[in-house]
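Here are a few notes from my pass through this one.

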Amino acid sequence: MSFPSLTATFRSLSLTGSKRAFSTTQPTQRIKPLPDYIPPYPYPPNYWYRQSNTGLYGGTTIQFGNKISQGRNEGKTRRSWKPNVRRKKLWSDALEKFLFIKVTRKSLRTIRKSGGLDKYLLDDRPGRIKELGLFGWKLRWEVMQTPKIQAEFKEERKRLGLPEPPSFEEWLKQKEKEVKAKVEEHIDIGELTKPTYNKTNY
């Protein structure tokens with residue numbers, strides 16, 4: 001009685017029909033939109049480096065370049081440099097609590113130079129607002145809604161002689177009146193420019 005060898009046994013096995021029950025590819029990160037009660041962000045989100053939409057990255061992304069070999073071949077190897085991202089515990093005076101935020105070393109230096117997280121977020125320069133990203137824009141709105149920051153805004157308006165802004169209900173009523181006035185104006189213009197036809201013309 002002869003038995004088949006091990007090599008013949010493994011050759012008869014076929015791995016083409018087997019399928020993996022899992023995937024090794026990472027799922028793409030979805031960009032969470034801002035809630036409706038937050039004003040829209042004036043800049044588009046980062047679709048290339050989507051991770052930067054979940055923290056304070058300061059506008060930094062993955063950089064690509066070549067690694068020059070110093071050996072005999074003197075060739076080039078394509079490589080990338082990722083930002084130095086850390087999860088830091090930062091104190092917010094307006095929110096009166098510590099926040100665990102993903103932040104780059106570049107943004108962390110800027111926060112320290114600005115004098116704190118709140119001053120970094122409340123800077124109204126276009127360059128600062130652009131580097132905040134979606135996460136920083138949402139955090140900026142939360143800081144601005146605190147009673148401490150609202151009191152500072154009120155004192156600044158009083159110092160500059162500016163009127164108090166209307167409440168949300170008053171602003172909504174004002175917008176409704178403006179829309180109604182525009183609709184009535186368009187209706188009146190349409191009636192004036194409406195062509196008139198006489199039977200004698202045909």
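This is a predicted model: local features need pLDDT of at least 70, side-chain atom pairs count only at pLDDT 80 or more; totals for chains, interfaces and linings use all residues.

**Notes on the model**

1. Now for the helix itself. Which residues of α2 (residues 105–114) are buried? They are Ser107, Leu108 and Ile111. Looking down the axis of α2, these buried residues fall within an arc of 100°, so they line one face of the helix. Over on the other side of α2, Arg112 and Lys113 are exposed.

2. Next, a loop residue. Gln51 sits in the loop between α1 (6–12) and β1 (63–68). Its relative accessibility is 29%, so Gln51 counts as partly exposed, the cut-offs being under 20% for buried and over 50% for exposed. The Gln51 side chain makes a polar contact with the side chain of Tyr57, at 3.1 Å. Gln51 and Ile31 are 20 residues apart along the chain, and their C-alpha atoms are separated by 9.0 Å.

3. Last, the surface. Val179, Val183 and Ile187 form a nonpolar patch there, and together they have about 250 Å² of accessible area. Ile187 belongs to helix α6 (residues 168–192). With a relative accessible area of 45%, Ile187 is partly exposed; patch members need over 30%.

Terms used:
Residues are numbered from 1 along each chain as its sequence is written. Side-chain values use heavy atoms; hydrogens and water are left out. Patches are made of residues with over 30% relative accessible area and no salt bridge: like charges are joined within 9 Å, nonpolar side chains (Val, Leu, Ile, Met, Phe, Trp, Tyr) within 5 Å. Accessible areas come from the Shrake-Rupley method with a 1.4 Å probe; for residues, only the protein chains shown count as cover. A salt bridge is a side-chain nitrogen of Lys or Arg within 4 Å of a carboxyl oxygen of Asp or Glu. Helices (H or I, at least four residues) and strands (E, at least two) are DSSP runs, numbered from the N terminus. Buried means under 20% relative accessible area, exposed over 50%, partly exposed in between (1.4 Å probe, protein chains only). The arc is that of the directions from the helix axis to the C-beta atoms. A polar contact is a pair of N or O atoms within 3.5 Å; within protein, one must be able to donate a hydrogen and the other to accept it, and residues adjacent in sequence count only if both atoms are side-chain atoms.
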